[in-house]
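Thanks for coming. I'd like to walk through one structure today, starting with the metal site and ending with a pocket.

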Amino acid sequence: MGMLHVNSERLWGRISELAQVGAIDGTMGCSRLALTDEDAEGRRLVITWMQDLGMDIAIDGIGNVVGTWYGPDTDRHLPAVMTGSHIDTVKTGGRFDGNLGVLAGLEVIETIAEQGLSPQHPISVGFFTGEEGSRYAPDMLGSLVYVGGLGLESALEIKGIDGTNVGEELERINFRGQAPCPGPIPKAFIELHIEQGPILEAENIAIGAVDSVQGISWTQITIEGQSNHAGTTPMHMRHDAGWVAGEITSYVRRLVKEIGGNQVGTVGKIDLVPNLVNVVASKATLTVDLRNTDDEILKDAELQLANFCDNLSTQEEVKLHREVLARFEPVTFDDALVGDVIRFSELLDISVKQMTSGAGHDAQMFARVCPAVMIFVPSENGLSHNPDEFTSQKEIEDGSNVLLQMMAELSGLHYD
Ligand code: HGY
Ligand code: MN
Ligand code: MN
């Protein structure tokens, strides 16, 4: 029979169809923040495709959805080999981030099923709630709960950037399921994902064999000053929350430059109150995203940021409060599985390189409980978290074929 290959037309069609849910006019991108109506609609569409494939669907207490497929001779008592990712997006998201990994998982199953083949182990495909963390922090929320890294009750109480809470929104969109959290531990977890960075494209390489994920630190900083008249208030009498927020924002860039190496830092969200041209801001809320492959350096960056904030708040006589929104140490994936990604890429005559991930992913949570690895495909211009995010059908076909071989071997699928 020779090696199995995916039907990339079918996969490309599903990616396009799912991208119509929450489509951003005039772009290829979509907007499906976690637990919004758009997210719910996308969830229902993917579940329909899972049902069409005859998969058993489990929805757990945090809204994770895991479809499991059995061939005619599959041993239902064996642990599943799992793949998947997320289908929630950032507000200005692309159609590939997360969605590719979920839909490629369905394509793997359809390719095996239509050959009438039967793996020894069941094969599962999951999409996990709120991977992006943009509406409800931390990121990778659903997979963190799935692997027991955060209690379900605490997760359900998380407040969003819009004042809503996870549990109520899950009820509202009817995705607060009954399946247990933590969920069943898979034999292995493999995630196909776009790189979301410039490396593979720059080096003209088709596959990334991802061996690690860098450390992530998200902090929300709230500054309380005093609103006052922008024209009449002498500068020495101001307690300007807006100015403090601006100083912190430019400090993050200076700090990152000073540390150098792999350090990155982003202030992605700043809200001022009352946010008016002629009023000294009484309140500012901003987020700082710091990341590094080396956790000791990341800790030092966090400390330097904290010291800067404390000194500034004394100087401007404002109240400043820091809250940790997310903190994940760097993660290393399974050596043997990384080797398998390289082996299968070479077997398929596809270029491959070992690399780390700058972004967080659900696979890093599964690495806590089972062997896990990721497969990257290139991002055009290294762009992501942007509606213009793009990866070609051929690149997706290559990545999906590597995923297919991995899943086939791990699930004990033997065909001549
Ligand atoms: O923020 C991240 O790394 C991912 O997109 N959740
Ligand atoms: Mn993602
Ligand atoms: Mn993302």
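First, a definition: donors are N, O and S atoms within 2.8 Å of the metal, or 3.2 Å for Na, K and Ca, and water is not among the atoms, so sites may look incomplete. Now the ground rules. This is a predicted model, where local features need pLDDT of at least 70 and side-chain atom pairs count only at pLDDT 80 or more, while totals for chains, interfaces and linings use all residues. Residues are numbered from 1 along each chain as its sequence is written, chains are lettered from A and ligands numbered from 1 in the order in which they are written, and side-chain values use heavy atoms, with hydrogens and water left out.

Start with the manganese ion (ligand 3). Its donors come from D97 (OD), E132 (OE), E132 (OE) and H385 (NE2), at 2.2 to 2.5 Å. Along the sequence, the donor residues follow D-x34-E-x252-H. That joins distant parts of the chain: D97 and H385 are 288 residues apart. D97 is in the loop between strand 3 and helix 3, and H385 in the loop between strand 15 (372-377) and helix 12 (393-410). Helices (H or I, at least four residues) and strands (E, at least two) are DSSP runs, numbered from the N terminus.

Are these two residues buried or exposed? Buried means under 20% relative accessible area, exposed over 50%, partly exposed in between, with a 1.4 Å probe and protein chains only. D97 counts as buried because its relative accessibility is 5%. H385, at 41%, counts as partly exposed.

Next, the manganese ion (ligand 2). H86 (NE2), D97 (OD) and H193 (NE2) coordinate this ion at 2.1 to 2.3 Å. The spacing is H-x10-D-x95-H. H193 sits in strand 5 (residues 188-194), 96 residues from D97. H193 is buried too.

So what bridges the two ions? D97 does, and the ions lie 3.5 Å apart.

Now a neighbour, G98. G98 lies in the loop between strand 3 (81-85) and helix 3 (99-114). It counts as buried because its relative accessibility is 0%. Leaving out residues up to four places away in sequence, G98 touches S85, H86 and H193. Contact here means heavy atoms within 4.5 Å.

Last, the lining of the second largest pocket. Its residues divide into 14 nonpolar, four polar and three charged. Ala, Val, Leu, Ile, Met, Phe, Trp, Tyr, Cys and Pro count as nonpolar, Asp, Glu, Lys and Arg as charged, and the others, Gly among them, as polar. A pocket is an open set of points on a 1 Å grid over the protein atoms alone, where a 1.4 Å probe fits, with protein on both sides within 12 Å along at least five of seven lines; lining residues have an atom within 4 Å of a point.
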